[in-house]
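Hi,

Here is the structure I promised to pass on. Have a look first, and my notes follow below.

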Protein chains: 2
Amino acid sequence: MFDSLWVDAHLATMIPGPEPYGSIRDGAVGIRGGHIAWIGRRADLPGTPGALARQVHSAEGGWITPGLIDCHTHAVFGGNRAQEFEARLRGISYAELARQGGGILSTVRATRAASREELTRGAAFRLQDLATDGVTTVEVKSGYGLTVADELRMLRAAREAGPMAGVEVKGTLLALHAVPPEFSGRRDAYLDLAANEMLPAALGEGLITAVDAFLEGIAFAPREVEPFFRRARDAGLVLRLHADQLEDGDGGRYAAEWGAASADHLEYTSDDGARAMGRAGVTAVLLPGAYLVLGAERRPPVASFRNHGVDMAVATDLNPGSSPVRSLRLAMNLACTLFGLTPEEALCGVTRHAASAMGLSDRGQLREGLRADLAIWGVDHPSELSYWLGGASPLLARVKAGVPVHA
Amino acid sequence: MFDSLWVDAHLATMIPGPEPYGSIRDGAVGIRGGHIAWIGRRADLPGTPGALARQVHSAEGGWITPGLIDCHTHAVFGGNRAQEFEARLRGISYAELARQGGGILSTVRATRAASREELTRGAAFRLQDLATDGVTTVEVKSGYGLTVADELRMLRAAREAGPMAGVEVKGTLLALHAVPPEFSGRRDAYLDLAANEMLPAALGEGLITAVDAFLEGIAFAPREVEPFFRRARDAGLVLRLHADQLEDGDGGRYAAEWGAASADHLEYTSDDGARAMGRAGVTAVLLPGAYLVLGAERRPPVASFRNHGVDMAVATDLNPGSSPVRSLRLAMNLACTLFGLTPEEALCGVTRHAASAMGLSDRGQLREGLRADLAIWGVDHPSELSYWLGGASPLLARVKAGVPVHA
């Protein structure tokens with residue numbers, strides 16, 4: 001007996017195979033105990049729906065996909081940077097903006113100045129935007145606090161905002177985002193704080209499942225990331241890496257050497273870097289919003305990733321500076337229109353491969369035994385999810401661990 | 001005595017002047033008979049709000065802009081082309097797609113096959129998407145019917161859909177969009193039908209205020225457009241032109257010679273073309289959605305337009321093939337991020353300059369005597385309207401000819 005059963009649906013299971021989207025026409029999904037207990041063609045159901053399940057739901061002839069996963073966000077922050085966006089388009093240089101107090105440190109100031117309630121409320125609104133697009137799991141990074149107390153406050157806000165929006169939040173400690181101004185000239189002291197105080201504190205409070213570091217000429221060097229990554233790996237945390245966004249810092253290979261679950265951005269990753277990622281099973285997280293907003297000149301090496309069997313995820317990178325993107329469907333479209341992904345690759349990038357990027361093996365596909373996180377769509381074909389730019393979401397309903405949640 | 005008065009508002013009047021956005025801090029707008037009767041600083045109001053107006057509305061400290069205008073859409077159509085979008089990204093060529101029945105003629109088939117009710121309902125949904133972004137006026141083109149009956153049916157659907165979405169629709173006869181298959185080899189007969197039957201029929205039924213033609217190597221030549229434009233100009237209709245999208249067809253100059261209100265797309269317009277447009281007062285309509293979706297290689301010459309004093313409008317180009325864009329705020333963002341417009345230019349492009357592109361002088365600014373079409377926004381600064389990508393609209397309310405309409 002199922003707790004519930006979905007019928008009148010086509011299924012995009014996203015299980016690899018000969019059918020595009022791993023699709024099953026006229027399918028059914030049986031749910032028990034929050035997990036998928038049965039999936040297949042409706043004609044193969046071992047009985048009539050009413051006899052098999054306590055509740056029978058109709059998808060009205062639409063499509064069911066795995067609940068979408070936004071695997072890279074900075075959804076907790078104070079303020080916004082619309083006027084900095086305007087200043088840049090008026091031709092004011094980055095250097096001048098930095099002198100005026102702009103850039104990432106302006107968000108650090110605004111985030112430190114915001115109360116936890118303000119941070120939670122702001123994040124909850126943005127997570128609701130994502131939920132409207134069928135998202136059921138969101139990764140949220142810290143990194144605008146940069147003190148023990150402020151990093152924890154951000155992560156607590158993320159944890160609180162999730163249930164308000166009906167999404168599951170997984171916290172990531174991005175302590176190595178920038179060196180805060182009060183540590184100017186004392187980088188090693190900050191690195192020590194990150195690895196030996198922030199990390200144990202966030203872990204001790206159960207706020208994180210992963211860590212992240214910004215490996216880039218303007219941010220942190222490989223030898224600086226090492227102690228932070230070692231401590232995180234020893235604690236069993238998932239490793240993520242911002243890499244090769246502005247120049248080739250050999251970030252793909254670095255992520256591979258560390259066994260990171262993902263390397264993210266990757267505009268300048270070399271073919272060698274892509275090969276190393278493929279061998280080590282590192283997922284490439286593509287962030288077309290940041291590429292668009294920064295007016296970047298180089299696209300990530302999608303052909304190399306395909307050649308070397310690197311799984312590609314797609315995410316919003318939702319943040320107030322380089323990617324104020326509040327729609328995962330829009331990120332899917334931009335991955336297609338800017339980077340040349342197919343709509344099937346884009347959907348895979350926000351389901352199966354997004355789960356890999358977060359080190360999660362319990363979701364991201366419609367498969368027996370996985371969590372019953374579903375998105376139900378009023379579309380004729382799953383390519384429509386990447387096709388429209390803006391407009392009302394075609395989402396009909398979401399199911400989170402078997403339970404329908406407000407769309 | 002005003003019918004109504006808006007207070008607790010900052011105003012982006014979009015009237016040219018030294019203040020960015022023509023802004024007035026702590027302003028007030030008085031409305032009488034559907035028009036703006038008073039506008040200025042609240043401190044300069046000639047009395048207390050309650051004594052001046054029958055109804056006093058608070059904008060809650062937000063910003064009021066002119067109601068937005070989407071000056072270039074193909075919002076009425078049958079079907080969608082998501083699977084063609086997917087096929088293109090899988091590497092199937094245009095030529096092959098055309099052989100398979102894809103491209104614009106596939107939308108012509110689907111539009112002809114759709115009932116008027118289906119066309120109206122689909123358009124109303126899409127116009128509601130636009131309304132959510134503060135749009136109060138939308139231009140809707142025909143061009144997927146290409147018979148007298150089907151062009152009229154599209155324009156009637158557009159007229160009916162407007163009130164359903166609370167927006168004012170202005171119809172444009174785009175008879176010269178493509179030569180329909182049944183006229184293959186008989187182009188002159190189709191041109192004759194367009195100018196001498198479609199145009200008088202649409203005009204006679206009061207369905208249009210403008211005409212449009214697709215001037216391009218793959219579409220219509222200047223001498224083919226001429227009889228259609230002459231007849232339209234003689235009838236007092238506004239002229240619009242799709243021009244220079246795929247190659248420099250001297251479309252800017254052609255639009256200038258004909259005194260067209262706008263030339264649209266313009267990726268390949270020469271500096272001479274821009275100069276001619278500036279002298280003749282032709283508005284350049286920028287359509288970044290089509291640029292993005294087609295993966296175009298060349299940006300419209302924004303610097304030339306600025307140099308030659310050409311007004312730049314921004315629009316969605318909402319259509320199922322090259323620009324499935326259902327958000328004017330998103331088009332504003334793309335005009336900034338892809339074409340380098342400032343957020344102020346983008347907002348001007350969907351207000352004052354969008355009105356010019358449609359030949360309308362009664363809206364597009366907050367100015368005494370103009371129509372009281374307003375959008376009220378919960379933002380701290382008008383740059384936010386171009387800054388966010390996706391997410392819930394910050395619109396608080398719309399006012400159409402003085403009357404609040406559902407957002």
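Predicted model: local features only at pLDDT ≥ 70, side-chain atom pairs only at ≥ 80, totals over all residues.

Thr172(B) touches quite a list of residues, even leaving aside its neighbours within four places in sequence: Glu139(B), Val140(B), Lys141(B), Ser142(B), Leu155(B), Ile208(B), Ala210(B), Val211(B) and Asp212(B). You'll find Thr172(B) in strand E8 of chain B, which covers residues 168-176.

For chain A, the mean pLDDT is 97, and 100% of the residues reach 70 or more.

Helix H6 (residues 148-165) of chain B packs against helix H7 (residues 187-204) of chain B at an angle of about 40°, and the axes are 10 Å apart. The crossing of H6(B) with H7(B) is right-handed. On the H6(B) side, the residues involved are Val148(B), Glu151(B), Leu152(B) and Leu155(B); H7(B) brings Leu193(B), Glu197(B), Met198(B), Ala201(B) and Ala202(B). By type, that contact has seven nonpolar residues, two charged and no polar.

One more helix to look at: H13 of chain B, residues 328-339. From first C-alpha to last, H13(B) reaches 15 Å, close to the 16 Å expected for its 12 residues at 1.5 Å a residue. H13(B) is mostly covered, with 12 of its 12 residues buried. The buried ones include Arg329(B), Asn333(B) and Thr337(B), along with Leu328(B) and Phe339(B).

Cheers

Conventions: Residues numbered from 1 in each chain as written. Chains lettered and ligands numbered in written order. Heavy atoms only, no water. Axes fitted to C-alpha atoms, helices over the stretch in contact; angles between N-to-C directions. Helix = DSSP H or I, 4+ residues; strand = E, 2+ residues; numbered from the N terminus. Left-handed = near helix turned anticlockwise from the far one by under 90°. Contact = heavy atoms within 4.5 Å. Nonpolar A, V, L, I, M, F, W, Y, C, P; charged D, E, K, R; others polar. pLDDT = per-residue confidence, 0-100. Expected span 1.5 Å × (residues − 1). Buried < 20%, exposed > 50% of the residue type's maximum accessible area, 1.4 Å probe, protein only.
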